[in-house]
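Please open the structure in your viewer and keep the selection panel at hand. The tour below goes from stop to stop, saying each time what to select and what is found there.

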Amino acid sequence: MTNKASVELDDRELLSAFEAAAISFGLEFEKGDSKKANRAYARCEAIQAEIHRRGSSMVGCLIELLDAPLPWVQYLAAAYTLDVEPNKAAAVLRKLKDTPMALGVAAFTTLRAWEMKRVQIN
Amino acid sequence: MRMLLPTIRLQVCASAYKFTGEERDAESGNDYMSARYFASSMGRFLSPDIVGGDLSNPQSLNRYTYVLNNPLFWTDPSGFQEQVRTGSSCGNVGTLDNPVIQCSSPPPAPSGGGNSSDSGVDSELPTSNPDEQAVAASLSGSGSVSAGQELGGGLVQGGLDMAGLIPGPIGMGANIASAGMSLYNGHYGAAALSFAFALPVVGQLGADAHAAFEAGEIGYRSFDAFKAAYGAAGEGMQWHHIVGQFSSNVERFGPGAIHDMENMVAVPKDLHFQINGHYSSKLPGLGGQTVREWLAPQSFQAQRDYGLQVLRNYGIIP
């Protein structure tokens, strides 16, 4: 799928685009190619913003991706649902942080950043 | 240029016999190597090599390092002398405690420059050819400094240190000269201690502090100065800063804390590339920052804890 603007995609296409962007991000992050990883990350950010903008039904679809078979999709779905489904999303990140190499590091980092924010708020 | 690299596979080992098959003291966590104890947590011996070094091989002059900083190809069961790892001719299987090597090149000779290709991303010189390194250094402006390039070199300073043991004005003069050389070479800790030795009143205090410096408890002015003292990380390895050496960290914590053996770990080059890529990447939850930017305002300890966790995830440390 080409990088069509998120707003132009229908709901189903948007979720597919999210999965594709998550996989792309994971591949580049695993390779250590930060430039490409950051481009893929920007795409993930844009898509997740559009998902949240469309409302609760689409956010619900994002929450369903916490059970996706691909771990990088799980990771990004969890990262972007921490505020709306904190228990389940944090549980997914805790499970993923024990994964070796890049995925574990990413999950650990996002979880730590989220916990630090919670401490600051409280 | 993509180099063929050794691959290390890691597995959990609950045996009391750990690094190179030597017995680990359960209480201290140190490995018994006949003549000396080896601290696997620091990657170095706890006492100096009584055999001493070879002036033609700068790596051997650091009497606390293990097998010329090249444990992939050498072993030291006696605690006195490195020897070729038996059965290390590629394809073996082992753990971090018993590293396993799959390689496509013969082991380097233990003399001279066999260990001189350190090129941390911090100061990348991706070649083991000295000429290419010189060109790369001049192009990058990093100017990696070898021990032999330092003012006076180790031999002269070693002589001054010996002369410094002579009581009276000769010893005092030698210590002051040695301190000046250390200062020039960026070894602030050594410089201060040599000055301290020049004062008769400090006596044992100075000796203890000097031992602390020799043990790597006081860091260096720059990464180049660190590498000049410790040499390369080993064949196919690069030094990695656990707490990053970015400018705000150097300003906040001081170069001594950053360029210190306590803050360094040798990492296989390919993994080092991935780890550095990780620090330059953006991740959800970091407010649009890269990991490095997100870490920057955090405390030294928080950054260190994070860095150690990253190394665990990548299987570098247990």
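Residues are numbered from 1 along each chain as its sequence is written, while chains are lettered from A and ligands numbered from 1 in the order in which they are written.

**First stop: α1 of chain A**

Select residues 11–31 of chain A, which form α1; helices (H or I, at least four residues) and strands (E, at least two) are DSSP runs, numbered from the N terminus. The 21 residues of α1(A) should span 30 Å at 1.5 Å a residue, and its end C-alpha atoms are 31 Å apart, which agrees; the expected span is 1.5 Å times one less than the number of residues. Now colour its buried residues, among them L14(A), F18(A), F25(A) and F29(A). A residue is buried if 20 or more other C-beta atoms lie within 10 Å of its own, exposed if 12 or fewer, and partly exposed in between, with C-beta atoms placed from the backbone. What covers the buried residues of α1(A) includes α2, α4 and α6 of chain A.

**Second stop: α2 of chain A**

Select residues 34–54 of chain A, where helix α2 reaches 30 Å from its first C-alpha to its last. Its buried residues include A37(A), Y41(A), C44(A) and I51(A). Seen down the axis of α2(A), the buried residues fall within an arc of 145° (taken from the directions from the helix axis to the C-beta atoms), so they line one face of the helix. The face turned away from that buried side carries the exposed residues K35(A) and R53(A). The buried residues of α2(A) pack against α1, α3 and α4 of chain A together with α9 of chain B. After α2(A) comes G55(A), whose phi is positive, near 110°.

Select F25(A), C44(A), Y75(A) and L76(A), which touch the most other members of the largest nonpolar core, a set of 67 residues. Such a core is made of buried Ala, Val, Leu, Ile, Met, Phe, Trp, Tyr and Cys residues joined through C-beta atoms within 7 Å. The element that gives the most to this core is α6(A), with 9 residues.

**Last stop: chain B**

Show both chains, and find the contact that takes 19 residues from chain B and 21 residues from chain A; two residues are in contact if their C-beta atoms, placed from the backbone, lie within 7 Å. On the side of chain B that touches chain A, α9(B) gives the most, with 5 residues.

Chain B averages a pLDDT of 66, and 37% of the residues score at least 70. Over residues 86–153 of chain B, pLDDT stays under 50. Where pLDDT is low, the predicted coordinates should not be read in detail.

Terms used: This is a predicted model: local features need pLDDT of at least 70, side-chain atom pairs count only at pLDDT 80 or more; totals for chains, interfaces and linings use all residues. pLDDT is the predictor's confidence in each residue, from 0 to 100.
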